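Me: I have a structure open and a few quick things to ask. Can you go through them with me?

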Amino acid sequence: MTTAETARPTTRQKAQHLMLAASFGGHWKQLMVLEDLLDQGDRRLSFVSTSRETPPEAIGADYYRIPDCNAGERFNALRCLSSGLGLMLRLRPDLLITTGALPGLLLAVAAKLTGTRVIWVDSVANAECLSTSGRMAAKFVDLCCTQWEHLADNDNARGPVYLGSVL
Amino acid sequence: MIFMTVGTQLAFDRLVRSLDAWVGPEQRYPAFAQIGRGEYLPEHISYDRYLDPEAYQKYLQAAQVVVGHCGIGTILSCNDQGIPVVVVPRRFDLGEHRNDHQIATARQVESRGLARVVYDESQLGAVLEEVLSGEQKPEAYHKERDRLARNLNRTVNRFLGTAGELS
């Protein structure tokens with residue numbers, strides 16, 4: 001009986017897994033606004049940031065930490081990338097949304113290498129041109145978004161597109 | 001009290017020094033400063049280099065006004081909690097940031113009424129007095145968020161194959 005029960009093909013689909021990631025600080029704050037705006041439905045959400053302590057907004061949720069890094073810190077960047085790869089292989093999310101900065105970019109690289117699609121939302125702090133990380137992300141993510149209408153390139157399907165802004 | 005925060009990444013001695021001078025030996029108003037890796041140590045106000053998220057939130061809630069660099073994280077946190085915020089943008093020519101993006105951000109948040117901006121730090125005291133004597137709480141209105149919510153959800157649904165036309 002038990003065998004028959006477990007062998008029965010299931011019709012229910014696995015919940016879709018949406019991963020939200022940003023380095024801690026202003027990028028994280030913007031990510032939390034996005035989370036607030038997202039219809040969650042019955043999707044599974046996970047959060048990734050660089051804070052050792054679980055950020056207040058992620059307490060009780062699925063939170064993972066990756067090492068922080070800045071431009072020029074090659075060793076830290078490598079640690080961050082390898083930690084991101086491990087996370088992606090373990091969790092296999094269906095979609096990654098990140099607001100940056102460098103840790104977000106490295107996680108986006110890890111995501112694309114392991115078959116997860118990526119939406120990049122460039123920080124609203126970059127009103128005059130895309131951020132350095134954003135310009136790199138635009139080359140390989142599935143969709144790159146800017147929060148400034150005048151920075152959008154509407155002739156390019158992968159972006160940057162303007163969807164609106166947290167401000 | 002006044003809560004000052006310069007963010008976690010870079011020092012901002014010019015800002016710390018001007019608040020310290022305004023509070024002065026006469027202790028014009030109680031204040032606490034988070035000064036990061038700054039070299040200037042305040043003489044008239046208590047301070048800490050960094051705060052964990054919990055302590056940061058505690059100071060925010062206790063503040064009548066927040067004084068900060070023009071960082072998106074600081075501005076969004078204050079907007080969400082209805083706390084008046086006065087920001088001084090970091091300047092590239094003074095070595096306070098990698099470029100002048102905070103000045104561009106400052107113009108935008110100012111035009112949307114999301115923060116009071118002080119470009120010349122000698123005006124900080126005057127603006128603080130004005131804000132502290134003001135009765136009305138700021139009503140931050142993020143006019144581009146509705147659009148972002150609509151478009152972001154449509155985009156995520158398209159990526160995850162759970163389409164459904166949104167208006």
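Reply: Before we start, one term: contact means heavy atoms within 4.5 Å. Also, this is a predicted model.

Me: OK. Which residues is B:R145 in contact with, leaving aside its neighbours within four places in sequence?
Reply: From chain A, B:R145 touches A:V33, A:L37, A:S165 and A:V166, and from chain B it touches B:L76 and B:D80.

Me: Where is B:R145 found in chain B?
Reply: In helix α6, which covers residues 145-160.

Me: Is B:R145 buried or exposed?
Reply: B:R145 is buried. It has no salt bridge, though.

Me: What does the side chain of B:R145 reach at 2.8 Å?
Reply: The backbone oxygen of A:V166.

Me: Changing topic to chain A. Which way do the residues of strand β6 point?
Reply: In β6 (residues 143-146), A:L143 and A:C145 point one way, while A:C144 and A:T146 point the other way. All of them are buried.

Me: How many bridges join β5(A) to β6(A)?
Reply: Three, and the two strands run parallel. β5 of chain A is residues 117-121, and A:I119 has A:L143 as its bridge partner in β6(A).

Me: And what do β5(A) and β6(A) make with helix α5?
Reply: A right-handed β-α-β unit, with helix α5 of chain A being residues 132-137.

Me: How is β6(A) joined to β7?
Reply: By two bridges, again with parallel strands; β7 of chain A is residues 161-162. There, A:Y162 stands opposite A:T146.

Conventions: Residues numbered from 1 in each chain as written. Chains lettered and ligands numbered in written order. Predicted model: local features only at pLDDT ≥ 70, side-chain atom pairs only at ≥ 80, totals over all residues. Heavy atoms only, no water. Helix = DSSP H or I, 4+ residues; strand = E, 2+ residues; numbered from the N terminus. Buried < 20%, exposed > 50% of the residue type's maximum accessible area, 1.4 Å probe, protein only. Lys, Arg positive; Asp, Glu negative; His and termini not counted. Salt bridge = Lys/Arg side-chain N within 4 Å of Asp/Glu carboxyl O. Polar contact = N/O pair within 3.5 Å; in protein donor to acceptor, adjacent residues only side chain to side chain. Pairing = 2+ DSSP bridges. Right-handed = clockwise from strand over helix to strand, strands pointing away.
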